[in-house]
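I opened this notebook to keep track of what I looked up, going from the whole chain to single pairs of residues.

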Amino acid sequence: MPGRRRHLDVGEEDGSTMLLTIGFAVVALAVVLVGSAATSLYVEHKRLLDLADRLAATAAESFSIDDVTIQPDGTFRPVLDDDSVRSSARDDLITGGASALTGVEIVAARTPDGRSAEVSLASDWRPPMLTLFVPQGLRIEATASARSVFW
Amino acid sequence: MRSSRHSSDELRPRPTARDDDGSASLEFITVGLVLLVPIVYLVVALAEVQAAVLAAGGAAAQAAKLYARADDDATGRDRVEDSLALALDDFGLDRSQSSVTLDCAPAGLPCGQRGGAVTVTVDILVVLPLMPEILGVQAAVPVTGAVTAPISRFDDRFSEAE
């Protein structure tokens, strides 16, 4: 009876070592994959921000020359309106293409104060490798604003 | 005599238990190495690729904005080169493995047309670590970062020529 118990003990130890090692490997792999997914999310968000930046910079110049007013101190000030900002952002997104990004859409394109253009974009992010440890995808948003300055 | 036989019977399981113990740790080392080495390699290779991705994206974004704001083409290209060198230096990458190209819109005209755009594309070839050269070909991952920046409607780099 004591001999049998000892034999069982040895068997259990053998199995648990293997399981521990494999469990450790799985945890390490999960950490690596989640880390790379986090970098991918960061890079994708940065790309979206670059795109929003570009659309905002173009939209900030979407005024017509007639809308430029001369301030009392002699500086020029263009006046933007929501419609021109929106149509400029939409045209630029279509012609410029969203290259590597998928499902880019304009959430908002407006001018908060008549001087600067603000463009918000949204896109879907998908993890590049196994989606086992991370959600199926996330919606990312980026907002950029730009302003024309004359001197 | 009988008691000694009894004691040897009782002792028998101990050497086998010790043998199993030894093989278990051996197994741990072999299985651990077989699983651990690829994971460590994956970490190292992914780190290199991610560094290149971040460097390419950052360099392209900075370079495009700097070129769009530059006074003339030569200054713009100098700044593109500077921003690429800075980004590569930040991530400890080699300039010889990377290249930068400028695409200008509208096509067919010199770069920096009013209301146009400039696209800076940074390509970095990441050579995978510890990979042998097979038939003169290195195992490498190409990484690209491309950013477009608009050029102002009021840009005056060509105003002297007009």
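The entries below begin with the model itself and then turn to the chains, their interface and a few side chains.

**Ground rules.** I am reading a predicted model, in which local features need pLDDT of at least 70 and side-chain atom pairs count only at pLDDT 80 or more, while totals for chains, interfaces and linings use all residues. Residues are numbered from 1 along each chain as its sequence is written, chains are lettered from A and ligands numbered from 1 in the order in which they are written, and side-chain values use heavy atoms, with hydrogens and water left out.

**Chain A.** I looked up the secondary structure and found two helices and five strands, taken as DSSP runs (H or I of at least four residues for helices, E of at least two for strands, numbered from the N terminus). Read from the N terminus, the order is α-β-β-α-β-β-β. Of its 151 residues, 36% count as buried, where buried means under 20% relative accessible area, exposed over 50%, and partly exposed in between (1.4 Å probe, protein chains only).

**The interface.** I then checked where chain A meets chain B, and noted that 30 residues of chain A are in contact with 30 residues of chain B, contact meaning heavy atoms within 4.5 Å. Together the two chains bury about 2,500 Å², with 69% of that on carbon and sulfur atoms; buried area is the accessible area (1.4 Å probe) that two parts lose on being put together, summed over both.

**A bridge between chains.** Which side chains meet in a salt bridge across the two chains? I found D53(A) and K65(B), at 2.7 Å from N to O, the rule being a side-chain nitrogen of Lys or Arg within 4 Å of a carboxyl oxygen of Asp or Glu. This is the one salt bridge that the rule finds across the interface. D53(A) is partly exposed at 24% relative accessibility, and K65(B) is partly exposed as well, at 36%.

**A bridge within chain A.** I next looked at R147(A), which forms a salt bridge with D113(A), their closest N and O atoms being 3.0 Å apart. R147(A) belongs to strand β5 (residues 138-147), whereas D113(A) sits in the loop between β3 and β4, 34 residues apart.

**A tyrosine in chain B.** Last, I followed Y41(B), which lies in helix α2 (residues 13-69) of chain B and counts as partly exposed at 26% relative accessibility. Leaving aside neighbours within four places in sequence, Y41(B) touches L128(B), P129(B), L130(B) and M131(B).
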